[in-house]
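Work through the exercises below with the sequence and the model side by side. Try each task before you read its solution.

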Amino acid sequence: RNDEIYFRRLTAAGDPLGDEVRVTDAAGLSEQPVLLWTGAEFGLVWTDRRDGNAEIYFARLEPDGSPRGAAARLTTSVGAASHEPHATWTGSEFGVAWCEDGGDGGDVHFTRVSGGVEIPGAERVLVVGAGEQSAPRIVWNGDGYGVAWFEHVLSSREIYFRRFGRDGAAVGPTPYGFGMMSTTGLAPPTALAWRSSMGEFVLRGPIRSTRSRRANAVRVRAAR
């Protein structure tokens, strides 16, 4: 099996515009793409197995989807697998988060990318614990990052949120946890956005609300 990633532009109505462009061309699976527009080019981050195990790669794309330079490998996961990447554009660089599975479950890692390459020394472990942390979502709010993730420890399943500075340093004493509507199965956060007009993050997912068990979104003030 050799899955690859393709790019195609769409109109505002969702109709195809132009031809498909093949972005990856390597042995093994290329999957879980996340595409961002900077105003001048696209940034693409994905999981790639060309090296024999799952690693995170990044590439810059022209507005038509053609590669701008060579793809950059962001991770070197010895005895582990890096997957489920997510990314955000700060206006000058990309912030990238992903899950890294080792012998003790999964942790959430972070790095910064500028000019198509990783900023030296930028990688940090954002979230580590006894259980499995996965499916990170990251967004920039103009001052720092908001990060949400799914955590599974024994029978406990929660969605967590925490703020981080530009360099990935944690802001505030502890993450903020949200109970889930169901205690069975895996149900990660589906989306995280910054609403500047209200000064708040909006997190969507299967979250239990004190007002309604069917609430699927919560708002988190930037000061949390």
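**Exercise 1: The cavity lining**

Strand 4 gives the most to the lining of the largest cavity, with three residues. The model is predicted: local features need pLDDT of at least 70, side-chain atom pairs count only at pLDDT 80 or more, and totals for chains, interfaces and linings use all residues. Residues are numbered from 1 along each chain as its sequence is written, and side-chain values use heavy atoms, with hydrogens and water left out.

Task: find which residues line the largest cavity.

Solution. 
- Step 1. Strands (E, at least two residues) are DSSP runs, numbered from the N terminus, as are helices (H or I, at least four). A cavity is a set of points on a 1 Å grid over the protein atoms alone, where a 1.4 Å probe fits but cannot get out; lining residues have an atom within 4 Å of a point.
- Step 2. Count the cavities. There is one of 30 Å³ or more. Grid points are joined across faces, edges and corners, and the volume is the space filled by probe spheres set on the points.
- Step 3. Take the volume. The largest cavity has about 30 Å³.
- Step 4. List the lining: Val34, Leu36, Gly43, Leu44, Val45, Phe58, Ala87, Phe94 and Val96.
- Step 5. Assign strands. Strand 3, strand 4 and strand 8 (94-102) each supply at least two of the lining residues.

**Exercise 2: The open sheet**

Task: give the strand order of the open sheet of four strands.

Solution. 
- Step 1. Recall how sheets form. Strands of a sheet pair through backbone hydrogen bonds, either parallel or antiparallel.
- Step 2. Apply the rule: two strands pair if DSSP finds at least two bridges between them.
- Step 3. Read the order. It is 3-4-5-6, with antiparallel pairing. The edges are strand 3 (30-37) and strand 6 (72-73), each pairing on one side only.
- Step 4. Look at one pair. Strand 3 and strand 4 (residues 42-48) are antiparallel over six bridges.
- Step 5. Look at another pair. Strand 7 (residues 81-89) and strand 8 are antiparallel over seven bridges. Here Ala87 stands opposite Val96. Four residues lie between these strands in their hairpin, where Gly91 takes a positive phi near 110°.

**Exercise 3: Asp48**

Task: is Asp48 buried or exposed?

Solution. 
- Step 1. Set the cut-offs. Buried means under 20% relative accessible area, exposed over 50%, partly exposed in between (1.4 Å probe, protein chains only).
- Step 2. Compare. Asp48 has a relative accessible area of 0%, so it is buried.
- Step 3. The side chain of Asp48 reaches that of Ser30 at 3.0 Å and that of Trp46 at 2.8 Å.
- Step 4. Beyond four places in sequence, Asp48 touches Leu29, Ser30, Asn53, Ala54, Glu55 and Tyr57.

**Exercise 4: Thr111**

Task: which side chain makes a polar contact with the side chain of Thr111?

Solution. 
- Step 1. Locate Thr111. It is in strand 9 (residues 105-114).
- Step 2. Check burial. Thr111 counts as buried because its relative accessibility is 0%.
- Step 3. Name the partner. It is Glu118, at 2.5 Å.
- Step 4. Widen the view. Outside four places in sequence, the contacts of Thr111 include Leu74, Phe94, Val96 and Trp98.

Key
Polar contact = N/O pair within 3.5 Å; in protein donor to acceptor, adjacent residues only side chain to side chain. Contact = heavy atoms within 4.5 Å. 1 Å grid on protein atoms, 1.4 Å probe; cavity = no way out; pocket = protein on both sides within 12 Å on 5 of 7 lines; lining within 4 Å.
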